[in-house]
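This report walks through one model, beginning with a single loop residue and moving on to the sheet and the helices around it. Please keep the sequence and the structure in view while reading.

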Amino acid sequence: MAFVQGLLSGVTARGEPVDDYLADAGIPSELLAEPGARVTAEQYVALFRSLNERRGDAMLGFLSRPLRRGSFAMIVRAGVSAPSLDIALSRAANAFNVLQDDLEVVPVREGALTGGSLRFNDPSRPWPHFLHELMLRVFWRLLAWLAGGRLPAARFDFAFPAPSHASAYGVVFPASLTFDCRHSAFWFDARRLQAPVRRDEAAVSRFLAHSQANVILPRPDGEAAVAARLRAMLQAAQPQWPALTECARALHLSSATLQRHLAREGLSFQSLKDELRRDLAIQRLNTSRVPLTELASELGFADSASFQRAFKKWTGGAPGMYRRPK
């Protein structure tokens, strides 16, 4: 919910109502007051899209000048026109900087690492933390796409103290995290700067058609691909919910190897299974009137009571809070 509140923080700081944006995404407004509440990836992207489209501002009200419709496409095409990743970073940053007054993206180098740093023209102003997060996500994901879809980050710096939900940052920012820095920045191996940019106009059109999801959602990479495959397998097998040994066999891994892959991501088989059941529960509650007994059975629980206890542990609230009004 902290990430949802972050998306809305540019609007709320202006004193504007958020009900229409939440309604577009199918998110009950009461959930904003529940720190442990969750939304699905689809709802999160829908909220991001609603804020973009209703406001006509890709910066969601955070900056004094809106980033008008078509501006992000201009930034993307500035990067695509470059022969290599180092020039793409420079051109994309320059395109953004021309369009904004409050904030600049600056290419930086530190030994074997390179990346992009955020420089605010008024650093004394308390800029929302989510603005830092959003800018790092957008530019890192854009560069990763320009690099062919994969650009492992080495480190993320944040120019603010670690928030209470910092434990959730690892999913969104899969690298070493440093807080209380002078500037927020993302870093990657400087040797990647010479990689060619190979994206044609058809690829640009596909990327822009799904730009909100492309820049706001984490993407499986490296070790994370194992967890993504396991999630897909569990979801496809429901309501059977196969055991660890069965899943490992289907992935052509031993049970111990599968557990090691998950452990490298800070996961276990049970925690991943519970995360998936939590997300499926939220989605079903939000999009249907399925009885709790039926939903409990779908998710592999013996009865409704055990499901409700687990759901409250996962989210801090009762399932009924996630029902969309008729």
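This is a predicted model: local features need pLDDT of at least 70, side-chain atom pairs count only at pLDDT 80 or more; totals for chains, interfaces and linings use all residues.

Leu60 belongs to the loop between α3 and α4, and although it is not a glycine, its phi is positive, at about 60°. Most residues other than glycine have a negative phi.

A second case is Trp241, a residue other than glycine whose phi is positive and near 55°. The loop that holds Trp241 runs between α10 (224–237) and α11 (244–250). With a relative accessible area of 7%, Trp241 is buried, because the value falls under 20%.

## The five-stranded sheet

Five strands make up an open sheet with mixed pairing, and their order is β1-β2-β5-β3-β4. The edges are taken by β1 (103–110) and β4 (176–178), each of which has a single partner strand, so that one side of each is left without a neighbour in the sheet. On average, and with direction ignored, neighbouring strands of this sheet are turned by 20° against each other.

In general, strands of a sheet pair through backbone hydrogen bonds, either parallel or antiparallel.

The pairing of β2 with β5 is antiparallel and involves five bridges, while strand β3 (residues 153–157) and strand β5 (residues 185–189) are joined over four bridges, also in the antiparallel sense. Four of the five residues of β5 are buried, so this strand is largely enclosed by the rest of the structure.

## Helices lying across the sheet

Helix α5 lies across β1, β2 (113–120) and β5, and its direction is at about 155° to that of β1. Helix α6 (residues 129–146) lies across β1, β2, β3 and β5, running at about 25° to β5.

## Helix α4 against helix α5

Helix α5 (residues 85–99) also packs with helix α4 (residues 71–80), at an angle of about 155° and with the two axes 7 Å apart. Angles over 145 degrees count as roughly antiparallel, and α4 and α5 are therefore roughly antiparallel to each other. The crossing of α4 and α5 is right-handed.

On the α4 side, the residues of this contact are Ser71, Met74, Ile75, Ala78 and Gly79, and they meet Ala88, Arg91, Ala92, Ala95, Phe96 and Leu99 of α5. By class, the residues of the contact of α4 with α5 are eight nonpolar, two polar and one charged.

## Helix α1 against helix α3

Are helix α1 (residues 2–12) and helix α3 (residues 41–55) roughly parallel or roughly antiparallel? Their axes come within 10 Å and cross at roughly 5°, and since angles under 35 degrees count as roughly parallel, α1 and α3 are therefore roughly parallel to each other.

From α1, Phe3, Val4, Leu7, Leu8 and Val11 meet Tyr44, Leu47, Phe48, Leu51 and Arg55 from α3. The residues of the contact of α1 with α3 divide into nine nonpolar, no polar and one charged.

Notes: Residues are numbered from 1 along each chain as its sequence is written. Side-chain values use heavy atoms; hydrogens and water are left out. Axes are lines fitted to C-alpha atoms, for helices over the stretch in contact, and angles run from 0 to 180 degrees between N-to-C directions. Helices (H or I, at least four residues) and strands (E, at least two) are DSSP runs, numbered from the N terminus. Angles under 35 degrees count as roughly parallel, over 145 as roughly antiparallel, 65 to 115 as roughly perpendicular and the rest as oblique. A crossing is left-handed if the near helix is turned anticlockwise from the far one by less than a right angle, and right-handed if clockwise. Contact means heavy atoms within 4.5 Å. Ala, Val, Leu, Ile, Met, Phe, Trp, Tyr, Cys and Pro count as nonpolar, Asp, Glu, Lys and Arg as charged, and the others, Gly among them, as polar. Two strands pair if DSSP finds at least two bridges between them. Buried means under 20% relative accessible area, exposed over 50%, partly exposed in between (1.4 Å probe, protein chains only).
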